[in-house]
Amino acid sequence: MGTTRNPASEVEAVRDPAEKPASHNVWPGTSAPLGASYDGGGTNFALFSEIAERVDLCLIDDNGEQTCIPLEEVDGYVWHAYLPTVSPGQHYGFRVHGPFDPPAGHRCDSSKLLLDPYGRAFAGDFDFGQALFSYDMGAGDTPPVAETLPRVDSLGHTMTSVVINPYFDWATDRPPKTPYNETIIYETHVKGMTQTHPDIPEELRGTYAGLAHPAVIDHLQSLHVTAVELMPVHQFMHDDRLLRMGLRNYWGYNTFGFFAPHSQYAASRQPGAAVAEFKTMVRTLHEAGIEVILDVVYNHTAEGNHLGPTISFRGIDNAAYYRLVDDDRSMYMDYTGTGNSLNARNPHALQLIMDSLRYWVTEMHVDGFRFDLASTLAREFYDVDRLSAFFDLIQQDPVVSQVKLIAEPWDVGEGGYQVGNFPGLWTEWNGKYRDTVRDYWRGEPETLGEFASRLTGSSDLYEATGRRPGASINFVIAHDGFTLRDLVSYNEKHNEANGDDNSDGESHNRSWNCGVEGPTDDPEILELRARQTRNILATLLLSQGTPMIAHGDELGRTQQGNNNTYCQDSELSWMDWSLAEQNADLLAFTRQVTQLRKEHPVFRRRRFFEGRPVRHADEIGDIAWFTSAGQEMSQDDWDNGFDKCIMVFLNGGAIREPDMRGQRVVDDSFLLCFNAHEETVEFAVPGEDYAQEWTVELDTAEPTSATEQAVQPAGELSVPGRSLLVLRKVR
């Protein structure tokens, strides 16, 4: 049968296309590349399915009518054809005929129009009615069987894949390739960053084009940001449960299109327009010297658990793409808390991941990836194996191995917390850094030694695997959790707006409200909160390693105590740009500290401190630790669980590693004085062996840190309670 119409309520309107429609000339095509590939003359279609008995390519016209073409060529379980009449803008999908046998792990259902796993663009939306599901939604927990399959056609109820034009003028685009030790990452959200910016035209707000607007780039450059880490921009699904509650999947950790930029972030609503707009954004950011890192979610898909919709992978080859429970293959392994886990043990699932990564580097020109719940990808069986096939493939890949690779080194499964255990090629979100810095500044005991380790690049976590300080992605705040302002304003989460009775989100936040929960007019508490904010920002940006700032923390952004805004696509989560004027002092302070880091390589060394003289003639090592009394730290001092003061001397004249051109690096020397006690503490500045005169470069007790106070060696220096003082050696 050639063309059929599929009304919304029609049951099983799919019929076998007995012959090829006369309107399309079908050539054999090739089994590679997978997906829909337009070459300027026509389009090759290729789909992997080992379990399929037949695959139909369905072309959808502007009226929602389908033309079904059987793919008769099969090589290595890849079904393919070339259609010289198909050009960019064509909507399409697949129907896979095969076994529906959930106990055996198979869920083929030809009544479902399936999205291309390699689709470069998608159009339309999902309506979450019976048509998307391969079981009777009204039958409760009754297991589905082939005899009771509802067979409701999903055409008209699901999205469609779209053929794109792959050609784009990249002009002279080059990746910035910023070394890790010179990198400052800014984690942000395409929509949240731009939705309320007054200088961005309204039609560009919330879009890729908006993120590339000069107003945004100017702001990033003023902070000396070298890379934006974008929360998920792969095409994702909004959860039906959230939509029924009047909410949306704002964060986007619900991917189904690993090759497609999310269409709702495009200023143009033309099918496939997001691809060119995304490329233009990357090209523009590169021109400004800013890299683009994608937060990617290869650990699971939007199809969820056994009760989820059938939109793509499930109906194509369920057992190949998903980890199934060994003794009950109708159920899915769930290491992510989202219902399923991608099957990184299967070569075709691994191929999908690797092909997607290479595509985003070679065709979309991105500069790296942050892997959500990366431990899940390392699970070949039940344990996290850092030598798993996934890491082997990454290591040897000539494209992917050359970009920034950042792991979120944990998942929700047993043994999933793997900070410090990823292979040498990888950097990691350092969760131990986050926890230690939070604990230190809120005055927790027995944190001094741990704090010193995190401040100097976490060599205890990364040096043994041949990695350098840049492997530690230092962060205190990320999208998941409190904003920095809320971290110093709330003891408890306040997630009532999410509709789950405040049961969602992390309950142990290592936060401190400074005396009052939430908003207050008390000037002393407000001053303390502001100081704590400056303490955390300064510590983050002056630590060895690669710092990551969460968007809006430089403006004092609040989420009103909500630490899990995954479903809040609203002003609660968006950047409030009016704060740039209201909190101008904080913005100026952040710029001052990022400038200090940029100007002084002693704060961003490529290699770990040695803690001893670099040459025999030197008497002073590259780093030295002191008590507030000016004495070098002893083991007893490190073990003193109640001391919250420490000084660290950074010797700018003892940097052993050369710069990128092989030249010796010589910098100023600095003395950092940390006081996490409540009261002012008198610090005894080290003697003339270290400096003949110091000047105050940074003082977190001052709103703008504007001071040129001179400090003499071996003198007393008052450091206010809960503050950080940075001294620079003058001579």
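## Overall architecture

Helices are DSSP runs of H or I with at least four residues, and strands are runs of E with at least two, each numbered from the N terminus. In this predicted model, the secondary structure of the protein amounts to 16 helices and 32 strands. The radius of gyration is 28 Å, close to the 27 Å that the globule rule gives for 731 residues, so the protein is as compact as a globular protein of that length. The C-alpha trace spans about 95 × 55 × 55 Å along its principal axes.

Of the 731 residues, 61% count as buried. Among contacts with a separation of 6 or more, 72% are made by residues 24 or more positions apart. The protein exposes about 27,600 Å², and carbon and sulfur atoms supply 47% of that area.

## Domains

Three domains divide the protein. Domain 1 comprises 17–163 + 308–339, domain 2 comprises 180–307 + 340–601, and domain 3 covers 609–729. The C-alpha centres of domain 1 and domain 3 are 62 Å apart.

Helix 5 takes in residues 273–287. At 1.5 Å a residue, its 15 residues should span 21 Å, and the 22 Å between its end C-alpha atoms agrees with this. Its buried residues are A273, A274, V275, E277, F278, K279, M281, V282, L285 and H286. These buried residues pack against three other helices, namely helix 2 (208–211), helix 3 (214–222) and helix 7 (347–362). They also pack against strand 14 (227–230), strand 16 (255–261) and strand 17 (291–296). After helix 5 comes G289, which has a positive phi, near 80°.

Helix 6 (residues 313–321) is mostly covered, with nine of its nine residues buried. The buried set consists of F313, R314, G315, I316, D317, N318, A319, A320 and Y321.

## Strand 32 and its partners

Strand 27 (residues 670–675) is joined to strand 32 by six bridges in an antiparallel arrangement. Within this pairing, L671 stands opposite L727 of strand 32.

Strand 29 (residues 694–699) also runs antiparallel to strand 32, and five bridges join the two. Here T695 stands opposite R728 of strand 32.

## Backbone features in loops

Most residues other than glycine have a negative phi, and most peptide bonds are trans. The peptide bond that joins A32 and P33 is cis, with omega of about 0°. P33 lies in the loop between strand 1 (3–4) and strand 2 (35–38).

Y77, a residue other than glycine, has a positive phi near 70°, and its place is in the loop between strand 6 (73–75) and strand 7 (78–83). The relative accessibility of Y77 is 42%, so this residue counts as partly exposed. R510 is likewise not a glycine, yet its phi is positive, about 55°. The loop that holds R510 runs between helix 12 (484–487) and helix 13 (523–542). With a relative accessible area of 24%, R510 is partly exposed; a residue counts as buried under 20% and as exposed over 50%.

Note on methods: Residues numbered from 1 in each chain as written. Predicted model: local features only at pLDDT ≥ 70, side-chain atom pairs only at ≥ 80, totals over all residues. Heavy atoms only, no water. Pairing = 2+ DSSP bridges. Domains from an automatic or database assignment. Buried < 20%, exposed > 50% of the residue type's maximum accessible area, 1.4 Å probe, protein only. Rg over C-alpha atoms; globule rule 2.2 N^0.38 Å. Contact = heavy atoms within 4.5 Å. Areas by Shrake-Rupley, 256 points an atom, 1.4 Å probe, with all protein chains shown as cover. Expected span 1.5 Å × (residues − 1).
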